[in-house]
Amino acid sequence: MSNQALNAALGIVKGLSTVALSDSNKGPLLIVENEMAHCQISLFGGHVLSFTPKHDMRERLWLSERAIFDGKTPIRGGIPICWPWFSAHHSQLQAPSHGYARNQYWQLTSANEQSQKTSLRLTPTTTDGFGYENLAVSLEITISNTLELNLVTTNKGDNPTPVTQALHTYLAVSDIDNIELEGVDASYMNKLDASKQNPCPNPYLFTQETDRIHVYNNADDTLRIEINDSCVNNTTKIEQQGHDSIVVWNPWKDKSATMKDMEANGYRTMVCVEAANTVESDHKLVIAAGATHVLTQRIS
Ligand code: TA6
């Protein structure tokens, strides 16, 4: 990360009491501590790594013990920002999976705080590349007893631009055998066999590798999801807006064994529930010239 960007971040945080900039073994991190929660955000990828509300001191996010912090590799866990495409690029197969926003440093561009709420705004170093030069993107993160992310994309160009994206959130669970997902009810495309219109399981339990794109076509509605963890009797609540898809992923044992940044049984204590806009949607996101789209996820 450039010294200029680091100094700019330092200049913003020095006037704040709830935000510090730490250059740790995980790279440059924004550490947020207010009355309501503790949060860590890596400037690499604009990547939220940790969110712990103080009312129960339970970490909501999962981070791989083998996550790689080399400033080049996408960090395994937390909330990767998949932008300006989700999964493989539609035509350029050598392009990085899940876009290039998570593979670069982001800059802190503004911050404001109250005793119970801290708000940060970050932007990536560049949106150049692969035909997305006319897009501007920023990530607005609000930390209180709820973690809210708004991924804001503006089309500054003259032509409508298709965008796929995801807040690829890794949630921490006590054990994958103990959880039930509630609030997801749309049929799904199974990425494991490309079958479509699969009925949503009810109850939504996890017994095998799971890689599903549930398609929702009412992007304006707020979708409320819960991860009920019976073993420890707690519930992680998720709200989403601006999505047309919900991606649910757990790599399970065999896939995990092929991932260098995933510990052997890591899959047992995580599940991804992602707010997304995907090509699988019947109402694919195309951002009109001059328009702005916001993808929102709230975790509590
Ligand atoms: O969101 C699910 C998914 O698209 C899976 O297919 C799997 O590839 C996962 O993302 C992780 O992708 P990554 O590039 O971070 O290893």
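In strand β2, Ile-31 is the bridge partner of Ala-20, strands here being DSSP runs (E, at least two residues, numbered from the N terminus, as are helices, H or I, of at least four). The structure is a predicted model, in which local features need pLDDT of at least 70 and side-chain atom pairs count only at pLDDT 80 or more, whereas totals for chains, interfaces and linings use all residues. Residues are numbered from 1 along each chain as its sequence is written, and side-chain values use heavy atoms, with hydrogens and water left out.

Six bridges join β1 to β2 (residues 27–33), and these two strands run antiparallel. They belong to an open sheet of four strands, ordered β1-β2-β3-β4 with antiparallel pairing, where two strands are taken to pair if DSSP finds at least two bridges between them. Because β1 (19–24) and β4 (47–53) stand at the edges with a single partner strand each, one side of each is left without a neighbour in the sheet. On average, and with direction ignored, neighbouring strands of this sheet are turned by 20 degrees against each other; the axes are lines fitted to C-alpha atoms (for helices, over the stretch in contact), and angles run from 0 to 180 degrees between N-to-C directions.

A further open sheet consists of eight strands in the order β6-β7-β8-β9-β22-β18-β17-β13, again with antiparallel pairing. Its edges are formed by β6 (106–114) and β13 (179–182), each of which has a single partner strand, so that one side of each is left without a neighbour in the sheet.

Trp-83 and Pro-84 are joined by a cis peptide bond with an omega of about 0 degrees, and Pro-84 lies in the loop between β5 (81–82) and β6. A cis peptide bond also joins Asn-202 and Pro-203, with omega about 5 degrees; Pro-203 is located in the loop between β15 (195–198) and β16 (210–215). In the loop between β7 (117–124) and β8 is found Phe-130, which has a positive phi of about 55 degrees although it is not a glycine.

The ligand is surrounded by residues including Arg-76, Phe-86, His-98, Arg-102, Lys-191, Asp-211, Trp-249 and Glu-274, a residue being counted if one of its heavy atoms lies within 4 Å of the molecule. Polar contacts are pairs of N or O atoms within 3.5 Å (within protein, one must be able to donate a hydrogen and the other to accept it, and residues adjacent in sequence count only if both atoms are side-chain atoms). A polar side-chain atom of His-98 lies 3.0 Å from an oxygen atom of the ligand, and for Arg-102 the corresponding distance from a polar side-chain atom to a ligand oxygen atom is 2.8 Å. An N or O atom in the side chain of Asp-211 is 2.6 Å from an oxygen atom of the ligand.
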